[in-house]
Amino acid sequence: MNFWFSVLRQTGRNLRQTWTTQFMTCLTVSLSVLIFSFFYLVYLNMLNAGDKVSDDLRLVVYLEEEPGPELQEQLRLKITQFDQVQEIKFISKAEAYSRFAEELGDNRDVLTDMPTDFLPASIEVTPLKSLRSLGQIKLFAEYLTTIPGSQKVQYGQKWVERFYYFIQLLSIVVLLSGFLLILTATFMVASTIRLTIFGRQEELELLKLVGATNNYIRTPFLLEGILLGLMGSLLGLASLYTLFQWTLRHFSGEGFLDLFTFTFFPPGIIFTIVILSIVLCTAGSYTSMQKFLRI
Amino acid sequence: MTDTTTSSRTAMIEVIKVSKSYPPNVTALADISVSIASGEIFFLIGRSGAGKTTLLKLLCNMERPSNGLIEVAGMNIHQVTGNKLAKLRQKVGVAYQDFRLLTDRTVAENIAISMEVSYKKPQIIRSRVRNLLAQLQLEDKHDILTGDLSRGEQQRVALARAVANSPTLILVDEPTGNLDATSTTQVMELLTRCSNSGATIVIATHDETLYRHSTHRVMKLHNGELASLTRGDEV
Ligand SMILES: Nc1ncnc2c1ncn2[C@@H]1O[C@H](COP(=O)(O)OP(=O)(O)OP(=O)(O)O)[C@@H](O)[C@H]1O
Ligand SMILES: [Mg+2]
């Protein structure tokens with residue numbers, strides 16, 4: 001009880017004396033959090049968009065012959081050997097014909113002279129709706145050309161590839177920015193605490209001489225680290241949220257943004273970011289403190 | 001019954017063949033041995049540079065001896081570390097020759113520090129601070145920054161901080177260097193009260209009026225060596 005009373009008073013004193021440095025550090029931390037979570041938010045929303053797009057993503061394998069039920073079963077097995085899929089649908093020549101006729105609508109007259117089996121039979125494969133399977137779709141298509149009796153495989157090649165590379169680039173950006181910003185924030189907090197320690201060296205040495213325990217000396221600085229991490233991440237996330245709302249308000253209803261629904265972080269991720277930021281800031285202050293206490 | 005006699009005879013401080021040299025080749029203390037009993041008032045004298053402050057620094061673990069052994073309350077203080085060292089230091093009050101006050105804090109805050117580190121209750125700290133300031137006639141300085149005080153006032157604040165936490169060992173370096181006769185008497189009365197409540201006190205001084213008419217032991221150092229160890233009235 002008295003320990004915490006003393007420690008809190010000490011922390012208050014620290015903050016009052018060095019609030020400008022602390023404030024700047026808090027801003028740095030929040031800027032780091034803002035930049036990182038911005039990329040991360042874009043990344044998450046892209047993943048969602050990927051989900052949506054792959055809704056209508058299908059690989060169509062055109063077959064030389066119409067497979068009998070037994071062969072169908074064998075092909076089905078062959079396909080699922082590569083990966084789990086959401087759906088495999090066999091389209092017979094007749095089905096293909098009637099579908100085509102339906103699409104032609106009023107112009108179906110053109111088909112009157114055609115035999116009903118002029119369209120090839122095919123298999124429609126719908127991959128699982130995950131980004132991983134989206135990334136693998138090229139490999140999947142290559143695999144499908146090797147199954148016996150397949151003539152040609154079709155899917156939205158160009159588009160899928162571009163999207164895939166874009167997502168890859170984005171995840172690299174997220175990882176890299178995350179890593180760099182973690183370094184920046186930790187380093188900033190460590191050096192701020194070192195500055196505060198430096199400015200109070202006389203007092204801290206006296207505290208040691210009159211018998212203050214290491215915990216008594218250390219805890220106020222750790223509290224400062226926690227506070228910096230908490231305030232910094234909350235400020236960063238709050239600014240991101242404001243930015244997010246602003247973007248939604250100003251760009252919704254305008255063309256391409258309507259393709260996707262944008263969502264903010266779920267509470268779990270917000271919580272993780274805040275905790276992570278607190279842990280890093282505390283670690284930064286802890287290392288500075290250890291250096292001093294060893295002297 | 002035997003208990004009390006042994007405890008009054010137990011040594012608070014054992015200094016055994018202690019030397020201290022500073023680089024490159026300053027010998028501040030050479031081969032000093034002395035045993036100071038619990039509850040004793042012990043004087044350290046000698047010319048400037050004789051090694052008085054050095055000995056006190058060794059006793060409170062601010063410096064390590066180059067040779068020899070120092071025990072305080074039965075513990076080899078130079079082997080104690082961490083929380084044990086902190087606990088030990090809470091029981092040793094030191095008034096430094098250069099005061100070591102925090103000049104940007106008030107008198108009350110400076111005195112409170114030594115009690116805060118052992119988690120005394122705030123109201124106990126407040127009343128102890130007022131009580132000490134009254135004994136040293138510094139009541140009106142309670143909320144003054146120590147940087148604004150005169151040397152003599154700073155000296156007394158440093159002493160008040162040393163005794164505030166009721167330590168069992170009090171080390172005082174030149175407690176009366178800047179004081180007039182009345183203030184000197186007040187300081188000695190305060191130290192005597194601490195001694196009466198059981199504290200061991202070691203005083204380094206140039207002021208022979210402090211010990212001349214007493215029976216306390218006086219150790220004289222000369223160039224780091226023990227020159228004499230006699231009763232105050234026989235020096
Ligand atoms: N940190 C140090 N480095 C080098 N020499 C030192 C150091 N501290 C003290 N000395 C030397 O050790 C000797 C003893 O110093 P000390 O401070 O113990 O003297 P003192 O008896 O307290 O003197 P005074 O009465 O002036 O306070 C002196 O010659 C001093 O110069
Ligand atoms: Mg001295």
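Modeller: Let us begin with the overall layout. This is a predicted model, and in it the C-alpha centres of domain 1 and domain 2 of chain A lie 51 Å apart. The domain assignment places residues 3-53 and 161-292 of chain A in domain 1, and residues 58-154 in domain 2.

Biologist: Which residues coordinate the magnesium ion (ligand 2)?

Modeller: A metal site is read from its donor atoms, which are N, O and S atoms within 2.8 Å of a metal such as this. Here the donors are OG1 of Thr53(B) and OE1 of Gln97(B), at 1.8 to 2.2 Å. Thr53(B) belongs to helix H2 of chain B, whereas Gln97(B) sits in the loop between strand S6 and helix H4, so the pair links parts that are 44 residues apart in sequence.

Biologist: What polar contacts does ligand 1 make?

Modeller: Such a contact is a pair of N or O atoms within 3.5 Å. A polar side-chain atom of Thr54(B) is 2.6 Å from an oxygen atom of ligand 1. Backbone atoms also take part: that of Gly49(B) lies at 2.8 Å and that of Gly51(B) at 3.0 Å. The protein buries 65% of the 630 Å² that ligand 1 exposes when taken alone.

Biologist: Which element gives the largest share of the shell around ligand 1?

Modeller: That is H2(B), with three residues. By class, the shell has four nonpolar, seven polar and three charged residues.

Conventions: Residues are numbered from 1 along each chain as its sequence is written. Chains are lettered from A and ligands numbered from 1 in the order in which they are written. This is a predicted model: local features need pLDDT of at least 70, side-chain atom pairs count only at pLDDT 80 or more; totals for chains, interfaces and linings use all residues. Side-chain values use heavy atoms; hydrogens and water are left out. Domain bounds come from an automatic or database domain assignment. Donors are N, O and S atoms within 2.8 Å of the metal (3.2 Å for Na, K and Ca); water is not among the atoms, so sites may look incomplete. Helices (H or I, at least four residues) and strands (E, at least two) are DSSP runs, numbered from the N terminus. A polar contact is a pair of N or O atoms within 3.5 Å; within protein, one must be able to donate a hydrogen and the other to accept it, and residues adjacent in sequence count only if both atoms are side-chain atoms. Accessible areas come from the Shrake-Rupley method with a 1.4 Å probe; for residues, only the protein chains shown count as cover. Ala, Val, Leu, Ile, Met, Phe, Trp, Tyr, Cys and Pro count as nonpolar, Asp, Glu, Lys and Arg as charged, and the others, Gly among them, as polar.
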